[in-house]
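The following paragraphs lead through the architecture of a single chain, from its overall form to one of its elements.

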Amino acid sequence: MDLSTDTPGVRFWYAHSRLRGLALAQVTPWVSGIIERRDVIIPETLQELVKQLANAYDDPQSKKRAMLTLNALQQGSRPFAKYLAIFERTIIQAGGISWDEGLRK
């Protein structure tokens, strides 16, 4: 496999090289299977790698938890800038990036 001209391959192997510990152990059998079936890394392989990691580590309840956090979130004694950063991060976690402006307000 010629990695010097295979940009999808370079991207895939770079992402793979950044994995450590349990994450690396999680995808190693899958990567071995990919290598056995293909002699070239195709562009979709990196997305497949990310999907493998998401299936293993994403929290299916994260949006629900973020919505509950939003409902109870208060500034309290925090500086406004810190509160705003927490609020915006929680909005994104709740899927609020796709909400219309009225709903976000």
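The chain contains six helices and zero strands, where helices (H or I, at least four residues) and strands (E, at least two) are DSSP runs numbered from the N terminus. The radius of gyration, taken over C-alpha atoms, is 20 Å, well over the 13 Å that the globule rule gives for 105 residues, so the chain is more spread out than a compact globule; that rule is 2.2 Å times the number of residues to the power 0.38. Along its principal axes, the C-alpha trace spans about 55 × 25 × 25 Å.

This is a predicted model, in which local features need pLDDT of at least 70 and side-chain atom pairs count only at pLDDT 80 or more, while totals for chains, interfaces and linings use all residues. Residues are numbered from 1 along each chain as its sequence is written, and side-chain values use heavy atoms, with hydrogens and water left out.

Of the 105 residues, 24% count as buried, that is, under 20% relative accessible area, against over 50% for exposed and in between for partly exposed (1.4 Å probe, protein chains only). Among contacts (heavy atoms within 4.5 Å) between residues at least 6 apart in sequence, 50% join residues at least 24 apart.

Helix 1 (residues 7-17) illustrates the burial pattern, with G9, F12 and H16 buried. Seen down the helix axis, these buried residues fall within an arc of 65°, so they line one face of helix 1; the arc is that of the directions from the axis to the C-beta atoms. Their cover includes helix 2 (21-37) and helix 3 (44-57), whereas the face turned away from the buried side carries the exposed residues R11 and Y14.
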